[in-house]
Amino acid sequence: KQVEMFDIVVIGAGPAGAVSSALLNKKGYRVLVIEKQHFPRFSIGESLLPQCMTYLEQAGMLDAVEKATFQYKNGAAFCRGNEYEYFDFREKFTPGWGTTFQVQRDCFDKILADESAKQGVDFRFGHALTACEMNDQQRLLTVETESGATYQVQAKFVLDASGFGRVLPKLLNLEKPSTLGTRKSIFTHIKDNITLPHYDRNKILITVHPQYSEVWFWLIPFSNGRASVGVVAPPEVLENMQGSPGECLQQLISQAGMLADFLANAEYDSEVRTLGSYSCDVTSLYGENYALLGNAGEFLDPIFSSGVTIALTSASLAAETVHKQLSGLQPDWETEYSQKLKVGVKTFKEFVEGWYDQRFQKVVFSKQKSDNITRMISSILAGYAWDSENPYVQNPRRLTTLAQICQND
Ligand code: FAD
């Protein structure tokens, strides 16, 4: 059988795959997306950051997302015992979008994939990528359909957007352990039944467990009276508890002060899921005729909801660089893709480490922050972690000094 030829093959139709494929299609390339599952399918990662809006707009998908009436989001709130602080993303250092959405990912990811398909990208659902070799200066890919049949396609360039599938890191031996600690998460969707007037539905709520500072919860409201709720904890905390994951989740929530009050009438009516050891890294984000996007490259931690933002930033940067390469301009993938992407990843990583070693928690719950510093931190939490004008992006270690100042509260 004749091998089909494409300019670019994208592995995975999540946010990174949908946006990168649309951007390359706009530049006139013939793009194929191979997706193992059928959409809509469940995915975790429901709280977007305003920076995402820039890329949705670039990919011509923002109108469709806005029409879907997702939950409006304008900030992040943090709670610990009786303390409650929040960042309003509209009050930030970096210009650009200050609001975004909290989305059911089954629906959101389907919208992005449908929009990319409408623009002309070829999507094949229920097809999994199983091998990737070099052949005649191009990539020869093997795809397996659900019925077990296999076929091959040839591509000038491959983008791996397979998320935790981590297809190319596994096939090409690129896996590298993350330096972040191992944690586990239990989560579900609920009918939240929150009527308390002081609950702000326009913000994600992050709650620190009153006894264990490394244990925290997210509450991400949706626009239909439902919400995503989850806990993140060191594995040993969960191993020492009795009961099913759902019982552990509810037990921990019942100990969590304000969060327990908000969820007093919640109905736990959906499947409870667990995910562990999700932080991961790779030895390189690019190689001969391929690059890694989003979670297929590095994944940090859920605390700042940075995953989809990093995925979309990587999609946009990689699309530009692939365009240069296929136009014969010989881009330098190290400086033009990897190092550029890592500017924001490094910023978020410092903040993630600062969350678990308490520096960031000191900053959040401090009353000492000037408005100027609050706006710089708000910018990063809104996803503008690549803005080199922001002193906390120029040198993320400034967080340590800020925490020391805040300690003297
Ligand atoms: P994905 O969205 O995972 O898409 C990858 C796709 O590739 C999948 O559809 C999969 O089926 C497909 N695939 C896999 N293998 C193959 C194969 N062999 N062949 C073909 N297709 C394949 N991020 C946020 O922005 N906000 C949050 O609030 C947030 N919360 C999180 C909470 C937890 C507990 C965790 C673990 C993560 C969270 N994240 C969050 C991160 C977020 O889930 C990811 O960063 C984001 O989904 C990455 O998008 P992606 O496009 O890289 O991959």
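This report walks through the fold, core, domains and a few local details of a predicted protein model.

## Ground rules

Residue numbers start at 1 along each chain, following the sequence as written. Since the model is predicted, local features need pLDDT of at least 70 and side-chain atom pairs count only at pLDDT 80 or more, while totals for chains, interfaces and linings use all residues.

## Overall build

The protein chain carries 14 helices and 19 strands (DSSP runs numbered from the N terminus, with helices being H or I of at least four residues and strands E of at least two). Along the principal axes, its C-alpha atoms fill a box of roughly 65 × 45 × 40 Å.

Buried residues make up 49% of the 409. Here, buried means 20 or more other C-beta atoms within 10 Å of a residue's own, exposed means 12 or fewer, and partly exposed is in between, with C-beta atoms placed from the backbone. Of the contacts between residues at least 6 apart in sequence, 74% join residues at least 24 apart (a contact has C-beta atoms, placed from the backbone, within 7 Å).

## The core

The largest nonpolar core has 129 residues, and Ile8, Val9, Val19, Ala291, Leu293 and Ala315 touch the most other members. Such a core is a set of buried Ala, Val, Leu, Ile, Met, Phe, Trp, Tyr and Cys residues joined through C-beta atoms within 7 Å. Helix H9 (residues 307-326) gives the largest share, 9 residues. Both domain 1 and domain 2 supply at least three residues each.

Take Ile8: beyond its neighbours within four places in sequence, its contacts are Leu24, Tyr29, Val31, Ala155, Lys156, Phe157, Leu159 and Val322.

## Two domains

The domain assignment gives domain 1 (4-47 + 61-70 + 102-177 + 279-344) and domain 2 (184-276), with bounds from an automatic or database assignment. Their C-alpha centres lie 31 Å apart. The contact takes 10 residues from domain 1 and 11 residues from domain 2.

## Around helix H12

Helix H12 (residues 371-381) has Met376, Ile377, Ser378, Ser379, Ile380 and Leu381 as its buried residues. Their cover includes strands S4 (75-80) and S5 (83-88), plus helices H10 (333-356), H11 (359-364) and H13 (391-394). Just after H12, Gly383 takes a positive phi of about 100°.

Phe39 and Pro40 are joined by a cis peptide bond, with omega about 0°. Pro40 sits in the loop between strand S2 (31-35) and helix H2 (51-58).

Asn289 is not a glycine, yet has a positive phi of about 60°. Its loop runs between strand S18 (286-287) and strand S19 (290-292), and Asn289 counts as partly exposed because it has 17 C-beta neighbours inside 10 Å. Ser305, also not a glycine, has a positive phi of about 50° and lies in the loop between S19 and H9. Ser305 is buried, with 24 other C-beta atoms within 10 Å.

How values were computed: Contact = placed C-beta atoms within 7 Å.
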